[in-house]
Amino acid sequence: EALIDERDPRWTQISEDGARTKVWRRKDNEKHACVLAKGIIDAPPDKVYALFADAKRAKEFNEFCDECHDIARLDEQTKVSWSATKNFGPFRPRDFVTLCHFTKMKGGARCVVNRATTHPLRPVTEKYARGAILLAANVVEPAPNGRTRLTLLTQIDPAIDSKVGTKMNNALVVRSPGAFFTAVEKAAGGSSYRKKAAAGVAAAATAAGVSYLRRPLSESDRRARAAALRRRNAEQVRNKRRREKSRR
């Protein structure tokens, strides 16, 4: 738990004071940035935690994930997962084999801890450069009004030897927490996104209603409309004649 305490002097805040997501970076990890982020998710803790427990849903909230699935279950609280990214700038895709452990912390918080591992079902291949999650954790805690207090800890070795590549990766790691928290909220069905979804359904229903009103007319409908149009035209002609007669 000490690793996620932002009061530790090794952490330096790098986000703005008014930012929705607070972000800190460790001072003693220069090569591979170690980042801590905290914020409130407008969605229930159970739904947020369920996202992290289901590898198939990783693409919903992780912008760098292209594939992700479980390859082994070690016990009820521990599994091994494999994930892969798309091309990383000019570099080929990265893949990761990760040990994921689910546990509870003091005060009822739930935590997912991830560390790099190996597995015979996922050997290193030419298609991917094998990266490593040096340290990662997602801590999910209840917050007032049915929301979630989320803590993110991450440090990744992307298997890039060049200084430029390392710098690119560190920049991505530092800037990504804000987008990550927003994506988690959306994937977990936060209230703001539920309202947008409801508005979308209403718009679709309205469009469907308009479409219904504009459906092709039957023969009887066409005859009735034609008769009404003739009556209206005849009435307009009579009114015009009356006005002309009154001017004489």
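User: What volume does the largest pocket have?
Analyst: A pocket is an open set of points on a 1 Å grid over the protein atoms alone, where a 1.4 Å probe fits and protein lies on both sides within 12 Å along at least five of seven lines. Grid points are joined across faces, edges and corners, and a volume is the space filled by probe spheres set on the points. In this predicted model, the largest pocket has a volume of about 1100 Å³.

User: How many helices and strands does the chain have?
Analyst: Local features of this predicted model need pLDDT of at least 70 and side-chain atom pairs count only at pLDDT 80 or more, while totals for chains, interfaces and linings use all residues. Residues are numbered from 1 along each chain as its sequence is written, and side-chain values use heavy atoms, leaving out hydrogens and water. Helices (H or I, at least four residues) and strands (E, at least two) are DSSP runs, numbered from the N terminus. Counted in this way, the chain has five helices and ten strands.

User: Which residues lie nearest the centre of the largest pocket?
Analyst: Lining residues are those with an atom within 4 Å of a pocket point, and the largest pocket has 41 of them. Nearest its centre lie N62, F64, C65, I133 and I156.

User: How do the lining residues divide into nonpolar, polar and charged?
Analyst: Ala, Val, Leu, Ile, Met, Phe, Trp, Tyr, Cys and Pro count as nonpolar, Asp, Glu, Lys and Arg as charged, and the others, Gly among them, as polar. The lining of the largest pocket then comes to 25 nonpolar, eleven polar and five charged.

User: Which helix gives the largest share of that lining?
Analyst: The helix in question spans residues 163-187 and supplies eight residues to the lining of the largest pocket. That largest share comes from helix α3.

User: What share of the chain counts as buried?
Analyst: Buried means under 20% relative accessible area, exposed over 50%, and partly exposed in between (1.4 Å probe, protein chains only). The chain has 248 residues. Of these, the share that counts as buried is 38%.

User: Which residues are in contact with F61, leaving aside neighbours within four places in sequence?
Analyst: Contact means heavy atoms within 4.5 Å. F61 is one of the residues with the most contacts inside the largest core. With those neighbours set aside, F61 is in contact with L51, F52, F180, A183 and V184.

User: How many salt bridges are there?
Analyst: Side chains of opposite charge can pair when their charged atoms come close. A salt bridge is a side-chain nitrogen of Lys or Arg within 4 Å of a carboxyl oxygen of Asp or Glu. One of them joins R7 and D5, with the closest N and O atoms 2.9 Å apart. By this rule, the salt bridges number eight.

User: Is D95, the partner of R130 in a salt bridge, buried or exposed?
Analyst: R130 and D95 meet at 2.8 Å, N to O. R130 lies in strand β8 (residues 129-130) and D95 in strand β6 (residues 94-104), so the pair ties together parts 35 residues apart in sequence. R130 is partly exposed, with a relative accessible area of 21%. D95, at 3% relative accessibility, counts as buried.

User: Where is N145 found?
Analyst: N145 has a positive phi near 65°, although the residue is not a glycine. N145 is exposed, with a relative accessible area of 73%. Its place is the loop between β9 (132-143) and β10.

Key. A nonpolar core is a set of buried Ala, Val, Leu, Ile, Met, Phe, Trp, Tyr and Cys residues joined through side-chain atoms within 4.5 Å.
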